[in-house]
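Visitor: I'd like to learn how to read a protein model, one feature at a time. Could you walk me through one?

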Amino acid sequence: MSDGLKTAMQQEPKVAIDCLPCPFCGGQPIIEPWHGGTPSKKMIFCTNDLCNASPSVTGETAREAKHNWNTRWNGDNTISLRIGKVML
C-alpha cells in the first residue's frame with residue numbers, strides 16, 4: 001500500500017463545512033479523502049443510516065467536491081448552485 005493511501009485512510013472524516021444538507025433526507029454531509037485518486041481527491045457523502053438514497057460526490061479537491069455536492073437540479077432543466085440563501 002502506498003504511503004499516500006495509508007495517510008488518506010488514516011484521516012478521520014469531517015463535517016463538510018459550507019455544504020448544503022443531503023437533498024434526500026436533510027442529513028449533515030461528511031467530507032473525507034477518497035482512495036480512488038490523487039491524495040487531494042475528496043468525497044462528500046450523507047452519513048444518515050436511514051437515508052434511502054445515500055448520495056455521494058467526489059472532486060479532485062475539497063473545493064470541487066463541495067461545488068459538486070451543492071449543485072442541485074431546480075426542476076426546469078437547469079442546474080443551480082445554492083449556498084445558504086444565495087443562488088448563484
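Guide: Let's go from the overall layout to strands and then to charged side chains. Please keep in mind that this is a predicted model.

Visitor: Where do I begin? Which secondary structure elements does the chain have?

Guide: Start with the elements and their order. The chain has two helices and seven strands, and along the sequence they follow the pattern α-β-β-β-β-α-β-β-β.

Visitor: How much of the chain is buried?

Guide: Of the 88 residues in the chain, 28% are buried. For the surface, the chain exposes about 6100 Å², with carbon and sulfur atoms supplying 55% of that area.

Visitor: Now the strands. Which strands pair with S2, and in what sense?

Guide: To read a strand, look for its partners and then for its cover. S1 (residues 14-15) pairs with S2 in the antiparallel sense over two bridges, and Lys14 has Ile31 in S2 as its bridge partner. S2 and S3 also run antiparallel, joined by five bridges; on that side, Pro29 stands opposite Cys46 in S3. As for cover, four of the five residues of S2 are buried.

Visitor: And charged side chains? How many salt bridges does the structure hold?

Guide: Here the idea is to ask whether opposite charges come within 4 Å of each other, nitrogen to carboxyl oxygen. The structure holds one salt bridge. Glu60 forms it with Lys41, and their closest N and O atoms are 3.4 Å apart. This pair links distant parts of the chain, 19 residues apart: Glu60 sits in the loop between strand S4 (56-59) and helix H2 (62-70), and Lys41 in the loop between strand S2 (29-33) and strand S3 (42-46).

Visitor: Are the two partners buried or partly exposed?

Guide: One of each. Lys41 counts as buried because its relative accessible area is 12%, under the 20% cut-off. Glu60, at 36% relative accessibility, counts as partly exposed.

Methods
Residues numbered from 1 in each chain as written. Predicted model: local features only at pLDDT ≥ 70, side-chain atom pairs only at ≥ 80, totals over all residues. Heavy atoms only, no water. Buried < 20%, exposed > 50% of the residue type's maximum accessible area, 1.4 Å probe, protein only. Areas by Shrake-Rupley, 256 points an atom, 1.4 Å probe, with all protein chains shown as cover. Pairing = 2+ DSSP bridges.
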